[in-house]
Amino acid sequence: MADTHLVNPPHSTGPALRQSLTTRFQKARARTGELAAPLSPEDLMVQSVPDGAPVKWHLAHTTWLFETSVLIPFSQGYRPFDPTLLTLFAARDERSDGPPLPSHSLRLLSRPPASEIMRYRDHVNGAVLHLIDRVPDDRLEMVAALIETAIAHERRHQERLMIHIKHAFWCNPLRPAYEPPPAQQPAGAPEMGWIDHAGGLVEIGRSVPVPGFDHEGPRHRSYLRPFRLATRPVTCGEYLAFIEEGGYAIRSLWQADGWQAAKAGGWTAPLYWERREGNWQIFTLYGQRPLNPDEPACHVSWYEADAYARWAGRRLPDEAEWEAVAARCDSLGNLLGTGYRHPRPNPCHGDGPWQMYGDVWEWTRSAFGPYPGYRQPDGEDEAVIGRFMTNRMVLRGGSCVTAFDHAGPCTRHFLRPDDRLSFSGIRLAEDL
């Protein structure tokens, strides 16, 4: 099961590969458009965090990668939609006409207008589909790998788009909703259980290289001591107990850098939590609403997750421990394709583990670095992950705004330990 949840690399030639590639490309591009559809032109311009980006930039930048890495090198006679866009929406460290655009300045790109960006997307979409149909068989697999890399890049930006617009709406005093909530009400969470693992040698990582996911391989052995892993993520109600017992004020629970980050940021609860008239509320993509104690806690930094685990008398799992248990998990949680844009309680039928893919990314205690035998692939585009392997911690699984084909037992996410913008949560572990 280790390699089944993520997109597979090209493995066939001819009509089957062309059809598969066409379908995946159209679905990925359409999903980004669907995510932007509820937003006004003014919404598309908002940038509330310096290292974030407006939705309009996500729309243009993902298109830029298809144009520069696929169309210009391989589509004979292709003419760029607008040569100025090749540098305006390039990856921030790849501008050839001058210094990189400061991250905070992306919100100033009122021109070209949103309507022009959508025409840019349509132009590139048509050209890529034409290339898939016409590229010679002897170049098809190479082109397919580049298109798959750009698709993976766009899928990641879909998640960032949702993260950034949520924060922007939260910064608005009106606290607007991104969209109306679904009618279906989530079920309550079960009691937390534990899954024992005997330890020993296990194999983790991806055995088959996947374009855009170089950091998830090669497959290798890892030795584990006996441990147990919680059957579900920590809930808001459980995290609330940590808050009410003074967890944010107990210095001994916190790493030194985490204590400084919490004090400097004024952290007293996860991001988007707020106490109003004695009651806890939480901001969601559906607007402000009462805190549901049964749903998975999210928008916590690694520092907060680690402090909570210490307070609970447990620890965060090693990423190899997490994958060893996840490899036998057959149930999916709430992902981007389900249409519910917030972590949900899960009835969790059976013995577990539950919700290992979806709802919330789960912090591990592992620093993000290369696997044994890793070789960074050639190329400078944003999809090459090797250059991010420093000063970040590993998260596993996927969240409610993660694409279905990006969530699985081998999936590795990585964030700085003070990051709270992502839909990141906690699953506990302990030694046996």
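Start by selecting strands β1 and β4 (residues 227-230): they pair in the antiparallel sense over 4 bridges. Two strands count as paired here if DSSP finds at least two bridges between them. Strands are DSSP runs of E with at least two residues, helices are runs of H or I with at least four, and both are numbered from the N terminus. Now click on W194, and you'll find A230 of β4 opposite.

Before moving on, a word about what's on your screen. This is a predicted model, where local features need pLDDT of at least 70 and side-chain atom pairs count only at pLDDT 80 or more, while totals for chains, interfaces and linings use all residues. Residues are numbered from 1 along each chain as its sequence is written, and side-chain values use heavy atoms, leaving out hydrogens and water.

Stay with β1 and show the side chains of residues 194-197. Which residues are on the covered face? Those are I195 and H197, while W194 and D196 belong to the uncovered one. In a regular strand, side chains alternate between the two faces of the sheet.

Next, select β5, β6 and β7. They form an open sheet of 3 strands in the order β5-β6-β7, with antiparallel pairing. Because β5 (273-276) and β7 (287-290) are at the edges with a single partner strand each, one side of each has no neighbour in the sheet. Neighbouring strands of this sheet are turned by 35 degrees against each other on average, direction ignored. Zoom in on β5 and β6 (residues 279-284), which pair over 4 bridges; W273 has I282 in β6 as its bridge partner.

Now jump to S424 in strand β11 (residues 424-425). Is S424 buried or exposed? S424 counts as buried because its relative accessibility is 0%; buried means under 20% relative accessible area, exposed over 50%, and partly exposed in between, using a 1.4 Å probe and protein chains only. Among the residues S424 touches, leaving aside those up to four places away in sequence, are C298, H299, W361 and L395. Contact means heavy atoms within 4.5 Å.

Finally, zoom out to the whole chain. You're looking at 9 helices and 12 strands, and buried residues make up 57% of the 432 residues.

Note on methods: Axes are lines fitted to C-alpha atoms, for helices over the stretch in contact, and angles run from 0 to 180 degrees between N-to-C directions.
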